[in-house]
Every structure is written in structure tokens, then in C-alpha cells.
Amino acid sequence: MIPCFKIRYYMLCTFAIIIFSQVRFVNSFSDKKGVVNLEKRSIIVNGDIMALEEDVVEKLIDRGWHISFAESCTGGLCCATLVNVTNASKVLDVSFTTYANEAKIKFLGVCADTILSNGVVSEDVAREMASGVAKTAGSEVGVGVTGIAGPGGATAKKPIGMVCFGFFINGQTVTFTKQFGEIGRNQVRKSSVEFVFNTLKELL
């Protein structure tokens, strides 16, 4: 039979080991003041995108400009990303998610012939989406996004992960095409949003 004092000793040692382990775990997530702040740590992890959003909004505010989005494959993610910023209401009035070709024609003024001649996933359509949404919304900046996120809809010339972008900036329009590859539907959409805000940062 184990004496009582030995049982107490083993219990104290075990308790001390547990406490020490918890302290080491807490310290690994602590800031310089020693206060655990997991939320702050998560903000740091996602800080690049958030900082980018804020930078774009600040640039728009400085110029007194408004922005509008015309989104197809991203389904509103660009607009939603901008709204992460508190002051988004100062630069955003309206945006469109125009998934169908008919919606692009009706709400953005995209020419049916442009779609027929070049395909809906093309820089020509992205250009008209960007300029069209800016005109409809009365904004100085318009962004058009059209692409193939997958898993279907691809062709030999237009593979999964191909996304076309149009940027209307105060009267001037530029277009781009990115080939993100077969990285998964949601990752293509996420990469498209990142490209949009990186490009806006450079153009504004």
C-alpha cells in the first residue's frame, strides 16, 4: 500500500507538469505584454488582405471617388471584401452580380455581339462590364470580372481557372487575363479577388 504522503507528492508533481504545459502553450500565443489574444493573432494571419482593402478605400476617399463592381464568377466577393472596411460606405453605392449573359446585357449594357464574337469570358466583355457598371452606378471606378471557376464550363482555348478583368478608372479602361489553373472553384474566386485589389492598389 502506497503511503498517503507519496500519493500527495505524485499528485502535486502531476499538477505542476500540467500547469507548466499550459503556461508554455499560453506563452506561444501571447503578445509582448504576456496577454493572450488569439483574435489579434488571427488578424495578423489575415492582415495582408485587410490592409489591402483599407488601402484601396483610403485611396478612393482621398480622390473623392466611388467604386462599383460587376461580378460574374466571383459572385459578389469583391464587393463583400471592400465592405470589410468600416469606411466602405464613403466609396460604395451599388454593385452588381451579373451571372447570366442576359443580366450583363440588361444591367451593364454589355453588347450581345461582344459576347457572341468573343465569348462571355473575354477581356472585351470584362471591359464593357467595367465601363458599364461605372456608367450605371455613376462611379469613377468600375471593375468587371468574368471567368471560369470550374469544375465545368472549360474549353480547349478557355480552361478552368481563366479569369478576365476590366478596370475602368476615371475614363480609362485596362484589361487583364489571369490563368489561375485548376486550383479549385473557391480558390479561383479567392485568387481573383486578391488580383482585383492588388491591381486597384496599383492603378489608383
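1. A nonpolar core is here a set of buried Ala, Val, Leu, Ile, Met, Phe, Trp, Tyr and Cys residues joined through side-chain atoms within 4.5 Å, where buried means under 20% relative accessible area, exposed over 50% and partly exposed in between, with a 1.4 Å probe and protein chains only. The model is a predicted one, in which local features need pLDDT of at least 70 and side-chain atom pairs count only at pLDDT 80 or more, whereas totals for chains, interfaces and linings use all residues. Residues are numbered from 1 along each chain as its sequence is written, and side-chain values use heavy atoms, with hydrogens and water left out.

2. The largest nonpolar core holds 30 residues, of which I67, F69, L82, V196, F197 and L200 touch the most other members. At least two residues of this core come from each of α3 (47–63), β1 (67–71), α4, β3, β4 (162–169) and α8 (185–203), and α8 gives the most, with six residues; helices (H or I, at least four residues) and strands (E, at least two) are DSSP runs, numbered from the N terminus.

3. When its neighbours within four places in sequence are left aside, L200 is in contact (heavy atoms within 4.5 Å) with V56, I67, F69, V141, V143, F167 and I169.

4. Which residue of helix α4 (residues 77–82) deserves a separate look? T81 is found in this helix and counts as buried, because its relative accessibility is 11%. The side chain of T81 reaches the backbone oxygen of L77 at 2.7 Å.

5. Two loops call for a check of the backbone. The peptide bond from G150 to P151 is cis, with omega near 0°, and P151 is found in the loop between β3 and β4. N170, in the loop between β4 and β5 (172–179), has a phi near 50°, a positive value in a residue other than glycine; N170 is partly exposed, with a relative accessible area of 48%.

Terms used: A polar contact is a pair of N or O atoms within 3.5 Å; within protein, one must be able to donate a hydrogen and the other to accept it, and residues adjacent in sequence count only if both atoms are side-chain atoms.
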